[in-house]
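Trainee: Please pick one part of this model and take me through it closely. Keep the cut-offs in view.

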Amino acid sequence: MAREKKRVKSSKSGQYLLAHHAKETIVVYSSILSLSQTQSLEKLTLRDRDQSTVSGFMGKSSFESMVDRYWAGFFLVFSCLVGALDASAGDSDPIYSARTCVGQCEKSGCVGQRCFSHCNFSSDGVSFDGPWYKQEPLYLQWKQWDCQSDCRYYCMLDREREREALGHDPVKYHGKWPFRRVYGIQEPVSVAFSALNLAMHFHGWLSFFILLYYKLPLKQDKKAYYEYTSLWHIYGFLSLNSWFWSAVFHSRDVDLTEKLDYSSAVAFLGYSLIMSILRSFDVRDEAARVMVAAPLLAFLTAHILFINFYKLDYGWNMQVCVVMAVAQLLLWAIWAGVTGHPSRRKLWVVVIGGGLAMLLEIYDFPPYEGYMDAHALWHATTIPLTYIWWSFIRDDAEFRTSNLLKKAK
């Protein structure tokens, strides 16, 4: 959910040039309309001579036919403009576009005084004009920074400097804000915060594991008394998986890393919703847990398959993630309000903090100094919330274990 808004893409290759073609289309179609109007006037003269014959041949009056041509022209031009509006503002900039800076760079391999040796290589790293063993460096192959990527990046930087000198605000290019790379990393601040979230979840899960098996009493079969132990272990694994792919995706945005990031985020959010239902309603029976989880797991599986193998619909995926996130926040909020849990205040902090953090995804702003945008700041806010959240899980394990031991005596 948090990643969705940011990931709304521009139109696929070729669509971002429609803004430049729209003007040409208008001029061409205006010429067509002028010719059509001349022909229509000639037909009107013919209609005056023999209206019934002409009307019978055309099926309707020449005036109506001329109006139809105007409507056809309008929809043709409108469709071109809609295609242009789908692209990011930076894509339509004539100084940046594939006809000028980017296009010239892809031919010459240079942007200003900067030239890129790997512009002599294909996208798979093989040299165009050299032997098979003369390949692109491994780190460039792994990052997939090919000629087009570097041309777009440095043309974007040069254009943003010009816009800043003119007092203009930054704009998006190909659906993304103009970030500055650090050692080849596309969004370094988001990568750093994703890694910190990963570390925080690992610390939380490890402390939960140590608490259960080394500090709290165990059953005779060496199993924990806490009924939700295995469920929280699965939760820990999914959280680590989600933040790992988040760091990879922000490091380099390609089709594979994007799908892995989105899929792992959906799986994590969906399982978190299942956990909120099972814990807030105190579902302990295994059969009841299966009945609750099965339909949600089926939906999550279908959704992940849909975005991976049919269509990556960003709007639909965002709606799914928002609904799951809001639903679990509401469940935890209601449960914290009605329960007498000793750590309910921690739960309130997580619920309120998580809700406020979501506003950062709504209020999107350009990256400060080319590094930190609203999405990166959202990643930063989840770090302390993660620590408090795992603290609540540990407290819940102690609370439930204490109650079960009292009942056993």
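**Disulfides and a helix pair**

Mentor: The structure holds three disulfides (pairs of cysteine sulfur atoms within 2.5 Å). The model is predicted: local features need pLDDT of at least 70, side-chain atom pairs count only at pLDDT 80 or more, and totals for chains, interfaces and linings use all residues. Residues are numbered from 1 along each chain as its sequence is written, and side-chain values use heavy atoms, without hydrogens and water.

Cysteine 101 sits in helix α4 (residues 101–108) and cysteine 155 in helix α6 (residues 147–165), so the pair ties together parts 54 residues apart in sequence. Helices here are DSSP runs of H or I, at least four residues, numbered from the N terminus.

Now the helix pair. Helix α8 (residues 229–251) packs against helix α14 (residues 374–408) at about 165 degrees, with axes 14 Å apart. Axes are lines fitted to C-alpha atoms over the stretch in contact, and angles run from 0 to 180 degrees between N-to-C directions. The two helices are therefore roughly antiparallel (over 145 degrees). Their crossing is left-handed: the near helix is turned anticlockwise from the far one by less than a right angle. Contact means heavy atoms within 4.5 Å. Among the contact residues are Trp232, Tyr235 and Trp243 of α8, and Trp378, Trp389 and Trp390 of α14. The contact of α8 with α14 has seven nonpolar residues, six polar and no charged. Trp and Tyr count as nonpolar, Gly as polar, and Asp, Glu, Lys and Arg as charged.

Key: Parallel < 35°, antiparallel > 145°, perpendicular 65-115°, else oblique.
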